[in-house]
Amino acid sequence: MAIHTVKGEDFHSKLTSCSACRRAGRMAIHAMKVKDFHSKCLSYTVYCSVACKDVLEWEAVERKQRLEREFWYMGKIIKITCVSCGHEWVNEIGCGLLHGSLGNIAELFSEEESREIRQHMAQNAYPVFDFAYRLAHCHHCESLVSTPVLELQDGFGRYIGSCKQCGRKIDIADIIEEMDRTSCPVCDRVSLHSEEMGLWD
């Protein structure tokens, strides 16, 4: 009885079963985690062959997913290295337990933005939001930094923090979505590599 999940807005509605696995009497989930870490929901993408011939080294995958479930509430410490010029940056991305409170998140932004966020809290008993420290390219100090990004759902607004080094406001266009398509701030070559160094909370 295998569950082959796919990424979608409504994760639970996307569950499908595999007749090949049911006939074989196997109980497995053939899936791999995708990169949408900061959303705090386990999003998966289909990764199963037609007859489930490849179990994707199931024990290793299951062990990895178990660890991810245990630490889903913790942020990551990543090191970014330019393989061309050798420059390195260490940043904290994601979020921690304190960021489950919109009131705590509001303190990370400017006084005006914080006031707007708290007004939203006062008007909504159960505000829905998405928050994470995200990697960004600050064009003023030419560095890779992590900045707080808050998105209030249902079109209530997006708030982006400032560069932790120079204090300049980060623009939405400066948020890094794909590392393998991002140019190095120093040498301008598309040769950045990232690796996880640890967790933070």
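This is a predicted model: local features need pLDDT of at least 70, side-chain atom pairs count only at pLDDT 80 or more; totals for chains, interfaces and linings use all residues.
1. Start with the overall layout. The chain has four helices and ten strands. Reading from the N terminus, the elements come in the order β-β-α-β-β-α-β-β-α-α-β-β-β-β. There are 201 residues in the chain, and 36% of them count as buried. The exposed surface comes to about 12100 Å², with carbon and sulfur atoms supplying 51% of that area. As for contacts in the chain between residues at least 6 apart in sequence, 56% of them join residues at least 24 apart.

2. Now have a look at the open sheet. What is the order of its three strands? The order is β6-β5-β10, and the pairing is antiparallel. β6 (88-93) and β10 are the edge strands; each has a single partner strand, so one side of each has no neighbour in the sheet. From one strand to the next, the twist averages 25 degrees.

3. Zoom in on one pairing within that sheet. β5 and β6 run antiparallel and are joined by six bridges. Thr81, for instance, has Glu88 in β6 as its bridge partner.

4. How many salt bridges does a search of the whole structure find? The search finds eight. One of these pairs is Lys79 and Glu195, whose side chains meet at 3.7 Å, N to O. This pair links distant parts of the chain: Lys79 sits in strand β5 (residues 75-82) and Glu195 in strand β10 (residues 192-200), 116 residues apart. Glu195 is partly exposed, because its relative accessibility is 36%.

5. Another salt bridge joins Glu107 to Arg118, with the closest N and O atoms 3.8 Å apart. Here too the pair links distant parts of the chain, with Glu107 in the loop between α3 (102-106) and α4 (111-123) and Arg118 in helix α4, eleven residues apart. Is Glu107 buried or exposed? Glu107 counts as exposed, at 58% relative accessibility. Arg118 has a relative accessible area of 37%, so this residue is partly exposed.

6. Then there is Arg134, which pairs with Glu177 in a salt bridge whose closest N and O atoms are 2.8 Å apart. Arg134 lies in strand β7 (residues 129-138) and Glu177 in the loop between β9 (157-160) and β10, so to speak a link between distant parts of the chain, 43 residues apart. Why is Arg134 called buried? Buried means under 20% relative accessible area, and Arg134 has 15%, so this residue falls under that cut-off.

7. Next, the β8 and β9 hairpin. Strand β8 (residues 143-152) and β9 run antiparallel, joined by four bridges. Glu151 has Arg158 in β9 as its bridge partner. Four residues lie between the two strands, and in this hairpin Asp154 takes a positive phi near 65 degrees.

8. With a relative accessibility of 30%, Gly157 counts as partly exposed. Leaving out neighbours within four places in sequence, Gly157 is in contact with Leu150, Glu151 and Leu152. Its C-alpha atom is separated by 9.8 Å from that of Glu116, 41 residues away along the chain.

9. The C-alpha atoms of Val128 and Gln153 are separated by 5.6 Å, although the two residues are 25 apart along the chain.

Definitions and conventions. Residues are numbered from 1 along each chain as its sequence is written. Side-chain values use heavy atoms; hydrogens and water are left out. A salt bridge is a side-chain nitrogen of Lys or Arg within 4 Å of a carboxyl oxygen of Asp or Glu. Buried means under 20% relative accessible area, exposed over 50%, partly exposed in between (1.4 Å probe, protein chains only). Contact means heavy atoms within 4.5 Å. Accessible areas come from the Shrake-Rupley method with a 1.4 Å probe; for residues, only the protein chains shown count as cover. Two strands pair if DSSP finds at least two bridges between them. Axes are lines fitted to C-alpha atoms, for helices over the stretch in contact, and angles run from 0 to 180 degrees between N-to-C directions.
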